[in-house]
Amino acid sequence: MLSKVYLLLYNCCLACGWSIVLYQAIQELATAQNPTYVYERCQVALKISQSLALLEIIHAAIGLVRSSPFTTFVQVQSRLVVLWLVLDPVPEVHGYSNVPMMIVAWCVAEIVRYWYYALSLVDKVPYYLTWCRYSFFTFLYPIGVSGELLTIFSVLPMVTATGMFSLSLPNKWNLSFNFPIFLMIYMMGYVPYLPKLYMHMLKQRSKMLGKAAVEGEKKSN
């Protein structure tokens with residue numbers, strides 16, 4: 001019972017958090033009409049909401065939810081890398097149009113997802129929300145991923161020129177690390193994983209929408 005209450009509060013709080021991010025982003029786009037200020041306007045709520053997703057890895061690992069810890073880790077860490085290691089430290093890319101595109105896609109996907117999870121805990125998920133949960137990804141996923149890849153690609157000249165997060169020899173640890181190369185390898189990691197995840201979601205869509213339709217008919221009879 002306590003775990004259910006905790007998960008209900010967690011999902012409701014994150015749904016509200018991402019709603020704040022979306023409101024701030026759209027408000028900034030509507031008033032300033034300049035993508036440069038979108039991230040600055042919503043960065044606090046964005047950082048909090050996205051970082052709290054780390055708890056989902058713990059939820060999966062301890063069996064609080066029936067998700068794969070590895071799959072959850074892959075999904076969460078990709079955004080955290082983009083947010084904390086790419087977007088936030090390099091303000092030069094904040095004005096690129098792919099940044100608000102990515103943020104809005106994240107917001108819509110997460111608002112729908114967290115409300116779906118919250119209402120499923122009390123068996124009150126309306127069909128339209130199920131439809132949104134398993135249909136919006138068909139366009140939000142490509143938009144979000146494209147935004148992530150474009151953002152990473154955009155910072156490569158900056159991090160190469162500044163040596164940000166890189167470690168060169170000699171040093172007391174006798175280790176070297178090239179951050180631009182890491183980012184390029186990281187981008188390549190999207191290639192084998194994303195099609196597999198997208199196809200999995202398409203299968204889940206057929207399964208869940210069919211199940212929701214049957215349950216809706218039973219309730220109406």
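**Ground rules.** I worked from a predicted model in which local features need pLDDT of at least 70 and side-chain atom pairs count only at pLDDT 80 or more, while totals for chains, interfaces and linings use all residues. I numbered residues from 1 along each chain as its sequence is written, and side-chain values use heavy atoms, with hydrogens and water left out.

**Entry 1, α1 and α3.** I looked up how helix α1 (residues 2-31) packs with helix α3 (residues 54-61), and found an angle of about 155° with the axes 12 Å apart. Helices here are DSSP runs of H or I with at least four residues, numbered from the N terminus, and axes are lines fitted to C-alpha atoms over the stretch in contact, with angles running from 0 to 180 degrees between N-to-C directions. α1 and α3 are therefore roughly antiparallel to each other, a label for angles over 145 degrees. In contact terms (heavy atoms within 4.5 Å), Y6, L7 and Y10 of α1 meet L55, E56 and H59 of α3.

I then turned to α7 and helix α8 (residues 179-188), which pack at an angle of about 165° with their axes 9 Å apart. This pair, α7 and α8, is likewise roughly antiparallel. On the α7 side I listed L149, I152, F153, V155, L156, V159 and T160, and on the α8 side F179, P180, L183, M184, Y186 and M187.

I found S154 in helix α7 (residues 137-162), where S154 is buried, with a relative accessible area of 14%; buried means under 20%, exposed over 50% and partly exposed in between, using a 1.4 Å probe and protein chains only. A polar atom of the S154 side chain lies 2.6 Å from the backbone oxygen of L150. Leaving aside neighbours within four places in sequence, I noted V93, Y96 and N98 as the contacts of S154.

I located S51 in helix α2 (residues 36-51) and recorded S51 as partly exposed, at a relative accessible area of 22%. Once neighbours within four places in sequence are set aside, S51 is in contact with L80 and W84. The side chains of S51 and W84 make a polar contact at 3.1 Å, that is, a pair of N or O atoms within 3.5 Å, where within protein one must be able to donate a hydrogen and the other to accept it, and residues adjacent in sequence count only if both atoms are side-chain atoms. I also noted that the C-alpha atoms of S51 and Q77, 26 residues apart along the chain, are separated by 9.5 Å.

Conventions: Helix = DSSP H or I, 4+ residues; strand = E, 2+ residues; numbered from the N terminus. Parallel < 35°, antiparallel > 145°, perpendicular 65-115°, else oblique.
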